[in-house]
Amino acid sequence: MASARTSAVGAIAATAALFSCYLLFSNSVKFPCRRRSSRASRKSEKKGLIAAVGNTPLIRIDSLSDATGCEILGKAEFLNPGGSVKDRVAVKIIEEALDTGALVQGGVVTEGSAGSTAISLATVAPAYGCKCHVVIPDDAAIEKSEILEALGATVERVRPVSITHKEHYVNIARRRASEANKLAANQGRATNGYLHVNGHTTEVRECSAISRTGCKGGFFADQFENLANFRAHYEGTGPEIWEQTGGNLHAFIAAAGTGGTIAGISRFLKEKDPRIKCFLVDPPGSGLYNKVMRGVMYTKEEAEGRRLKNPFDTITEGIGINRLTKNFLMAELDGAYRGTDKEAVEMSRYLLKNDGLFVGSSSAMNCVGAVRLARSLGPGHTIVTILCDSGIRHLSKFHNAQYLSDHGLAPSATGLEFLDFRDTTQP
């Protein structure tokens, strides 16, 4: 455990150093984003950490561009202060909740997350005077929960179960917000673990996971169904991509977890130019590929009653799902591609070796999709994807040689042959 904690501390330090370098040397332009007029004043008031979220560079991925003859560009979201694309979502969710009064300063934001959104919420919540309580599946990389604890969040690690189960991490997070609201409503009426309401005394054991000291209520972020997620990308990331490319792009591709990123960006880009093609890349265990390509969430071979109890047997974290979220339903897609765990692992090592890009599993999967799309479109096209986060928070699994070897995923490729692709730039 000592080595794991050391790696977590090192990860935080590395992220901070990386972000500091970006702030010092970046000369990127701040692009205007569409925002509701009622929230325009908050935009102008942004400062400090919050003002640093977004407006990330759009970089050319040289190795993939040269190999395919297309311009493959990656939105470097790992340069956000919290280290991932989810910083945008965290800011949008909290700001909208504060605007509506669903959350107040001193309140606690609860969320069920496999890692990135939780880390982003824990990063930005203190800037708004709020606390963070995270419920995370215990099969997620251990450094994620350690980073969350280091950021001051309360962390619950629970076993992975179906979303229909009351003990699914998302459902537990929803309950925690309700518990916080009960405590806030009865502040001052609880003594020795009991509530005194209207002359009746009841035990409050169900509230034990939320701090009872100075509780000012809770708010469930609900990243899967809260359309603030979609709006963060429709009003922010999409317009930035459009401005950074000068509108000269042919396609966009990304994986989906909550669906907010691919939905917000695809809808914005298609409103600007309907000729832009938008695609999904889907990891093992996810049903979204089938939904996009065949209109159903499962194939004939995966018919109900014959599916695995837990189909998410994949090394990728934060992407892939077997239900349609409100956010994903906002997406405008032209098609989908599949990617495998092995391809994602190989792609991450290829990018590190050839481009110096140290990326996580979802970023690697996005680049797998970008190459597949480039081969389909042919040379001369401009393709944009998302570099969601760095490999720093994936050290114990996706970037752990022993873990990969134990699961038959040890990388061995020297080029892009793992995609059945002959890189013409190599001898």
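Author: Happy to! Two strands pair if DSSP finds at least two bridges between them. Helices (H or I, at least four residues) and strands (E, at least two) are DSSP runs, numbered from the N terminus. With that in hand, strand E3 and strand E9 (residues 218-220) pair in the parallel sense over 3 bridges. In this pairing, valine 108 stands opposite glycine 218 in E9.

A word on the source. This is a predicted model, in which local features need pLDDT of at least 70, side-chain atom pairs count only at pLDDT 80 or more, and totals for chains, interfaces and linings use all residues. Residues are numbered from 1 along each chain as its sequence is written, and side-chain values use heavy atoms, with hydrogens and water left out.

Back to the strand. E3 also pairs with strand E4 (residues 131-137), in the parallel sense and over 5 bridges. Here glutamate 111 stands opposite valine 134 in E4. To get from E3 to E4 the chain passes through helix H6 (residues 116-124), and this β-α-β crossover is right-handed. (Right-handed means that, with the strands pointing away from the viewer, the path from the first strand over the helix to the second runs clockwise.)

Is E3 buried or exposed? Buried means under 20% relative accessible area, exposed over 50%, partly exposed in between (1.4 Å probe, protein chains only). Of the 5 residues of strand E3 (residues 108-112), 5 are buried, so the strand is largely enclosed by the rest of the structure. Both of its faces are covered: Val108, Thr110 and Gly112 are buried on one side, and Val109 and Glu111 on the other.

Helix H7 (residues 142-150) has buried residues too: Glu143, Lys144, Ser145, Glu146, Ile147 and Leu148. After H7 comes glycine 152, with a positive phi near 95°.

Now for the charged side chains. A salt bridge is a side-chain nitrogen of Lys or Arg within 4 Å of a carboxyl oxygen of Asp or Glu. By this rule there are 19 salt bridges. One of them joins lysine 92 to glutamate 96, with the closest N and O atoms 3.8 Å apart. These two are 4 residues apart in helix H5 (residues 86-100), which separates them by about one helical turn. Lysine 92 counts as buried at 6% relative accessibility, and glutamate 96 counts as buried at 7%.

Another salt bridge is formed by arginine 176 and glutamate 156, whose closest N and O atoms are 2.6 Å apart. Arginine 176 belongs to helix H8 (residues 169-185) and glutamate 156 to strand E5 (residues 154-158), so the pair ties together parts that are 20 residues apart in sequence. Arginine 176 is buried, with a relative accessible area of 12%, and glutamate 156 is buried with 16%.

Glutamate 317 and lysine 397 also meet in a salt bridge (3.2 Å, N to O). This pair links distant parts of the chain, 80 residues apart: glutamate 317 is in the loop between helix H11 (288-294) and strand E12 (335-338), and lysine 397 is in the loop between strand E13 (382-387) and helix H14 (401-406). Both residues, glutamate 317 and lysine 397, are buried. Elsewhere, salt bridges that share partners join Arg60, Asp62, Asp66 and Glu71 into one network.

Next come the rings. Rings of Phe, Tyr and Trp (its six-membered ring) pair if their centres lie within 6.5 Å; planes under 30 degrees apart count as stacked, over 60 as edge-to-face and the rest as tilted. The structure holds 3 aromatic pairs. In one of them, the ring centres of tyrosine 234 and phenylalanine 268 are 5.9 Å apart and the planes lie at 80°, so the pair is edge-to-face. Tyrosine 234 is in helix H9 (residues 228-245) and phenylalanine 268 in helix H10 (residues 260-272), 34 residues apart, and the pair links these distant parts of the chain. Tyrosine 234 counts as buried at 15% relative accessibility, and phenylalanine 268 at 4%. Phe230, Tyr234 and Phe268 form one aromatic cluster.

Finally, a charge sits over a ring if NZ of Lys or CZ of Arg is within 6 Å of the ring centre and within 35 degrees of the ring normal. Arginine 323 lies over the face of phenylalanine 224, at 4.7 Å from the ring centre. The charged end of arginine 349 is over the ring of phenylalanine 398, 5.6 Å from its centre.
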